[in-house]
Amino acid sequence: MKCQICNLLYEEHSLTRDDALNIHKFGGYRNRCFLKTNFKGFEFKGKLTDDRVIIKYNNITYPLLRDAKGRPIIAKYSKKDEQISLRTGKVSNPYIKIVQEGQNKFDKLGNPIFLLDLDNPIPVHHPNGKSIIKSGIYIKKSLFKNSNFEKSDFSNTIFKSFLKKYNSRIIACNFSKTKWNGATLENVIFKDCNMRGVDMTNLKFFKNVAFINCNMRGSRIPDEMVLQNPINENLMDNSRKRSKSSIRKR
Ligand SMILES: [Zn+2]
């Protein structure tokens with residue numbers, strides 16, 4: 001059986017949970033297939049976050065640069081290179097940056113999987129060294145676009161601030177048959193998405209959740225969530241439409 005989204009055989013879906021989470025750190029998901037991926041408990045922040053840590057180093061060493069034949073090139077760092085590297089933990093040309101360094105891993109379709117390589121360049125710790133912002137998670141925005149999450153597990157995940165104003169959006173993605181039990185959704189809009197068979201009545205918490213132009217066939221959605229221009233509204237599963245919290249109020 002071939003995946004209808006990415007044309008790979010089901011066994012060939014090689015992205016692991018770690019791959020998927022690493023890709024997300026660098027801006028979200030575009031044109032990717034995450035069939036049956038386990039995202040359990042992951043925190044997806046749409047809002048700008050900066051978790052870089054300041055570490056003290058007194059020295060940074062770089063791996064030996066080699067030419068095309070593998071012969072070592074005696075590196076000539078300029079004074080400017082050294083200053084930049086001490087300030088940012090990166091070096092200008094000819095040495096690639098830390099993030100680029102991590103782009104050597106590719107999925108089967110040739111798309112890069114971003115991995116932050118913390119060992120390269122090699123920091124040398126020193127208690128009285130200089131303060132350098134070295135590494136960490138930095139998410140400028142998170143965009144979910146044209147990606148497939150069919151049958152993926154989002155239980156106990158946290159989705160926060162996926163709105164236009166944070167530059168983070170969820171557009172044209174396939175969430176059909178995904179699990180959401182125990183998840184937290186706050187300020188999230190799903191636009192042009194496939195929500196077929198999704199049960200959102202057993203979330204841990206939600207606030208300001210809307211579905212715009214989404215296919216809602218067979219889905220269970222609490223009354224407090226906004227449905228705008230739903231597709232297949234008449235085929236929704238209304239048997240448990242009200243969330244537990246709204247039942248309690250009555
Ligand atoms: Zn696929």
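The model is predicted.

Q: What makes S161 count as buried?
A: A residue is buried if 20 or more other C-beta atoms lie within 10 Å of its own. S161 has 20 C-beta neighbours inside 10 Å, so S161 counts as buried. S161 is found in strand β11.

Q: Why is N7 called exposed?
A: N7 has 10, so N7 is exposed. N7 is found in the segment before α1 (17-25). Phi of N7 is also positive, near 70 degrees, and N7 is a residue other than glycine.

Q: Why is N213 called partly exposed?
A: Partly exposed lies between the two cut-offs, 20 or more for buried and 12 or fewer for exposed. N213 has 14 other C-beta atoms within 10 Å, so N213 is partly exposed.

Q: Where is N213, and which residues does N213 touch beyond four places in sequence?
A: N213 sits in the loop between β14 and β15 (226-228). Leaving out residues up to four places away, N213 touches K191, D192, N229 and I231. Contact here requires C-beta atoms within 7 Å. The C-alpha atoms of N213 and L227 are separated by 8.2 Å, and these two residues are 14 residues apart along the chain.

Q: How do you know that β11 and β13 pair?
A: Pairing needs at least two bridges between the strands. β11 (residues 158-162) and β13 (residues 184-191) have four bridges, in the parallel sense. At one of these positions, I158 stands opposite T184 in β13.

Q: How do you know that β2 pairs with β11?
A: At least two bridges are required. Three bridges join β2 (residues 43-45) to β11, and the two run parallel. E43 has I158 in β11 as its bridge partner.

Q: What makes β12 and β13 a pair?
A: The requirement is at least two bridges. β12 (residues 169-171) and β13 have two bridges, in the parallel sense. I171 stands opposite K191 in β13.

Q: How many bridges join β13 to β14, and which residues are partners?
A: Seven bridges join β13 to β14 (residues 205-212), and these strands run parallel. V188 has V209 as its partner in β14. E186 has K207 as its partner in β14.

Q: How do you know that β14 and β15 pair?
A: The test is at least two bridges. Three bridges join β14 to β15, which run parallel. The bridge partner of F211 in β15 is L227.

Q: What makes a group of residues a nonpolar core, and which members of the largest one touch the most others?
A: Its members must be buried nonpolar residues joined through C-beta atoms within 7 Å. The largest such core has 31 residues, and I170, L185, V188, F190, C193 and M195 touch the most other members. β11, β13 and β14 are the elements that give two or more residues to this core. β13 gives the most, with four residues.

Q: Which residues does V188 touch, not counting those up to four places away in sequence?
A: V188 touches F159, F162, I170 and V209.

Q: How many helices and strands does the chain have, and how much of the chain is buried?
A: The chain has four helices and 15 strands. Buried residues make up 24% of its 250 residues. Among contacts with a separation of 6 or more, 54% join residues 24 or more positions apart.

Q: What is the mean pLDDT of the chain, and where does pLDDT stay under 50?
A: The mean pLDDT is 77, and 61% of the residues reach 70 or more. Residues 92-103 stay under 50, and the model has 23 contacts for them beyond four places in sequence. Residues 243-250 are also below 50, with seven contacts in the model beyond near neighbours in sequence. Where pLDDT is low, the predicted coordinates should not be read in detail.

Methods: Residues are numbered from 1 along each chain as its sequence is written. This is a predicted model: local features need pLDDT of at least 70, side-chain atom pairs count only at pLDDT 80 or more; totals for chains, interfaces and linings use all residues. Two residues are in contact if their C-beta atoms, placed from the backbone, lie within 7 Å. pLDDT is the predictor's confidence in each residue, from 0 to 100.
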